[in-house]
Amino acid sequence: MTQPSEQVSVEVEVNGRGYRRSVMARMTLADFIRDELALTGTKVGCEHGVCGACTVLVDDEPARSCLMLAVQADGRRIRTVESLANGRSMNPLQECFQKHHALQCGFCTAGFLMSATALLEEGQPTREDIVETLSGHYCRCTGYAPIIDAVEEAAAKERS
Amino acid sequence: MSFAHSESPSIAARSIGARVPRGDDPRLLTGRGQYLADIVLPGELHACFVRSSAAHARIAAVEVEDARALDGVVAVWTGEDAAKFCEGIVGELEVEGCVATTMPLLARDVVRYVGEPVAVVVAESRYVAEDGCDLVDVDYEPLEPVLDPRSALRGGPAANEELPDNVALRGGRVLGDVEAAFAGAARVVEATFHSGRLSAGPMETRGVIADYDWTSRRLRLWTCSQMPHYVKYCLTAYLGFPENECEVLTPDTGGGFGQKAHVFPEEMLLPLLARELDRPVKWVEDRRENLMTATHAHEQFVDIAYAFDADAKATAVRIRATGDGGAYHQPPWSMGVEPWCTAMVTPTGVYDIPVADLTYEAAATNKTPIGAYRGVGYMAGTLVRECLMDDAARAFDLSPFEIRRRSVVREFPWTNPQGIVYDEGSWLQTIDELESMVDYPAFRQRQAALRAEGRFIGLGLSVFVESSGESTAMGKAHDLGGVYHDTATVKMEPNGSVTVTIGLTTQGQGHRTTMAQVVSDALGVSLEAITVRAAESTTYGWGSGTVGSRGAVIAGGAVLRASHTIRTKLVALAANMLEADPSDIDLVDGAAVVRGVPGSSISIIDLATAVYFDQSSWPQDFDPTLEATLAYDPARPIFSNGGHAIIVELDPDNGFVTVEKVFSVEDCGTVINPDIVEGQIRGGVVQGIGAALLERLVYDEAGQLVTTTLLDYHMPSMDFSPPFEIHHLETPSSHTPGGIKGMGESGLIAAPAAVLNAVNDALSHTGTVLHDIPVTPEQVLRALRS
Amino acid sequence: MKSPVFAYAAPDNVAEACRLLAEDEDAKILAGGQSLVPLLALRLAAPTTLVDLRRVPGLTGIEHEAGALRLGAMTTHRGIERSPVVRDVAPAIAAAASLIAHPQVRTRGTIGGAVAHADAAAEWPAVLLALGGHVEVTGVGGDRTISADDLFQGPFMTSLEPDEVITSVLLPVNGRQIWVGEHHRRHGDYGLSVMAMTYRQDGGVLTDVRLAVAGATGSVTRAPDTEAALEGRTPADGDGAVAALAGELSYTADIHGSADYRRDITTTLFQRALRAAGERSGQA
């Protein structure tokens, strides 16, 4: 018999490392990643699923971590922005963001990078694919065009 | 009167002008940025605010006992508790006709807008603090809400009893014989515009952490503020914390756009809570609070008329700008600055219009206070001026480029009727450049061909001149008070590396990179050897705030002046060591070289080492302080200029407007870093597209804010954003460091007018002309079917 | 914006889920959570128990059988959008999935959750209604099937009993033409008007027409007068149906558009549907 409980146990793999925590059932995955695991690269911009800043990869698919309870991630594999760099250098996608001035304040950037990472891993996105996917993210600084250019160049680098 | 800190030394541009990648980026791209919510202090408590659910009401009772009894709640304060320490924060604009208001930290007796803080719950977590807020029971006795600014100014109930006639600001000037100019006009073009209520919408909301140590009386306040030194000043002025024991810290900040350039009740309340509870207290604003209370912006009704002579040259302007100000002045800018600037500064723009009748007024209403958002007053002012210019173009059957050429100022320096002097500008060239960029004849052909197919495209033009580098001189030129200087410290260390601190905080503008470029050219050292710290703490320097497109000019000037002091010492030392005259020494590529003497050089590293460790190399009377702090405040107001031409298409099925392309021309004098300038343009223009087509904060007839989530307040997303073509013109300022001018606000200042003009151009066959933003799909559909 | 307290359970079979729902009248089912979690964050919903279906086996998967698509209730929008089976037998259904929010939401949101939530502006209820589909549900008292026409009772209201769980959604796609479209301002926005139309097409004539509208009306609704006006006619002969559509529905007003506006754009949406039907039959 399953008994409902306000406290739950969560076991997840985040960026290749296993964690087990007991948390409130009501805690979001975003708060879990930031407050329980101290991985603060994931940002919280709206907490109601619109802005996209908190996007992480759950089993390789992008998801809004403010729209998931931490307990829903039990048994899943999570990746956050902290997983992207190759050792002591930025990965090609990050390098393209810098080159194209695709970030200003940087608050939305982790979300864009994670959605773009999933997109690049799935194959060769067209410019339309990029816009379709990344329209699920707000950026208030850049006007977006440089972000499209950065992801396009990163895709081209993967091809070559 | 002249002052030493208005002089800026000359500089040879080498790194200046280059597309230098930003040094901040690797940190921000790897998730290592540290924003306010990322900071965790041991033992910190979390605050959450109970906010008014009524637009205007008497508070009959606030019941807090259930909340206090909740497990995990540490304290609950109401207005009475806060008032023991502070009556409130005072806001006003220092111009004729402004009446001040006092904004309580927590409302007492009366609430005056939905979202006004009424109580604060402090708990062990934000979750529990929100649970506690749900248990606070406020009994409101409704008062009549004041919601229409224009009727509010005619009388009726008061939105805020400190302003019994609802007049927060009223004034104006008449310059020249207005009656005669209009009576003698060949044609008068006039309209009433409404620019909608906006949120600046930074991706990071506001936030504050306060930590007080009673043993040292030391207060540390983290706040993502654009004006930390002003916040610090207020901590002493309003709360009595000793100035010498206050430190305001500004971590990485996720955008500000003016919204974070205020002092807020929450910022003043948290230090008191931290002191009284003897624990650090954190408040991270949520998005609903941000949309509801973090100041609104830009809303105005503007009546404007131009008189034209028979040659279609504008001869006079009459303007009345009425701000919908909200319930209080939000310090320091007030609800007045928006309509004041629109009426007093912008109506003539780039045009030679000798006669002007200027009126401004701000009405108190039971809405969220109006604050600053990129292009304060300039956006609405540019909207009405540039859209009326297009109305005139249609009336005279001239192209939008030609109507502007008939009136544009061609000779500099030029003094407008308000007495403001513009030293230089590329105002005519901007119009010509945009005309060639859009290929105007080809556009008209394409428009006609598409119209025959039932497709509707339109071209809108908007040109602007923007006050930049907000300074004391700028304020004086506009009959405003205020002193605005910043300091910078430049320090060279024994191995020749340079640490720079500036008084500005940075919200994504790349100041650390652009200032490093300035220092690199001033001292001849490589960018890798320079570290720039923005005002991460008020321990560094003095700053008047990251506002008014002033960063590059003011910080640049202070950095250049401080660098010059170091440079002078390095040159003196090099001259002594190389046995040359100081006037022959140049600092370039990491070395001091003797001009015209190949091979005679010494590295800057060796010079620095000698300053610290080798007294024998010093010249007579040498002072080895390789650290200088200097202020800068330009002697004269500085103006950048530019314009946008925007093409839109209307969808006849639903009235949706799509922006096809943006053409931008920017003249901010010497460009320090084109990537950063273009980034500012694109970001500002897209905000302007949002203002023109999407964004609108809506109140219902009871004064409830309807748009409290991002599901209802729509900002541009990637699919809503156009491609850009950007051209730079460079008309350097003659009296700023290197000739640079500020430009941070230009995109938002001028884009909405271009979008509205483009929509009206696409509708030109219908006879409908729209004058309100945002343009709604419904208006467009109606017009297409009329 | 933090959720209020609730108790959580993740049972591993449907019967247990139904029992938990029956035990607490303020319990809610958690499927993908893409609508529920924001309601919790905004404290617009305060269930005392959340019954998470993630551990219940057999609730995902897509099968094409007996002329219908059977979609496990926990199948995500993304799963449907990308399903080779769906793309093969009913590409319009895959396209309809792609209209829902953004990819980052579609990876988590489920068809069962969307149908049970019955948002007045959502795509799946309109598709289900236009296809004459039904849902299979399990409750404490056993299993039953509910037709789409009986399921949707108004905005956020269905005929599901509090202890009932949708286990699968059946879309009878064979032999039917399907068109789904909407007017949305930006990618991923709720549609200002959402329309699903299905019909049989024989020699250019439309029969067995079913038309469902969402977004523009207070709840997802069929337009029976319009369906009747189109029955047996060619798409080019749709003027009577266009007039019927403007007259028969009650359109809603909000800050994004007046009732008149929504009527007008629902009309143009219908005209798009008719044009698509005309193109399918080779006559414009």
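This is a predicted model: local features need pLDDT of at least 70, side-chain atom pairs count only at pLDDT 80 or more; totals for chains, interfaces and linings use all residues.
Residues are numbered from 1 along each chain as its sequence is written, while chains are lettered from A and ligands numbered from 1 in the order in which they are written.

Two residues are in contact if their C-beta atoms, placed from the backbone, lie within 7 Å. On that basis, 14 residues of domain 1 of chain B are in contact with 14 residues of domain 2 of chain B. The side belonging to domain 1 has 3 nonpolar, 10 polar and 1 charged residues. In this scheme Ala, Val, Leu, Ile, Met, Phe, Trp, Tyr, Cys and Pro count as nonpolar, Asp, Glu, Lys and Arg as charged, and the others, Gly among them, as polar.

I turn now to the chains. Between chain B and chain A, 43 residues of chain B are in contact with 42 residues of chain A. Which element of chain B gives the most to this side? Helix 19 of chain B does, with 6 residues. Helices here are DSSP runs (H or I, at least four residues), as are strands (E, at least two), numbered from the N terminus. By class, the side of chain B has 17 nonpolar, 15 polar and 11 charged residues.

For chain C, 28 residues are in contact with 27 residues of chain A. The side of chain C divides into 14 nonpolar, 9 polar and 5 charged residues.

Finally, the interior. A nonpolar core is a set of buried Ala, Val, Leu, Ile, Met, Phe, Trp, Tyr and Cys residues joined through C-beta atoms within 7 Å; buried means that 20 or more other C-beta atoms lie within 10 Å of the residue's own, again placed from the backbone. The largest such core has 409 residues, and those with the most contacts inside it are Val121(B), Val559(B), Val755(B) and Ile93(C). Helix 17 (residues 551-578) of chain B gives the most to this core, with 13 residues. Leaving aside residues up to four places away in sequence, Val559(B) touches several residues, including Ala488(B), Val500(B) and Met515(B).

Note on methods: A residue is buried if 20 or more other C-beta atoms lie within 10 Å of its own, exposed if 12 or fewer, and partly exposed in between; C-beta atoms are placed from the backbone.
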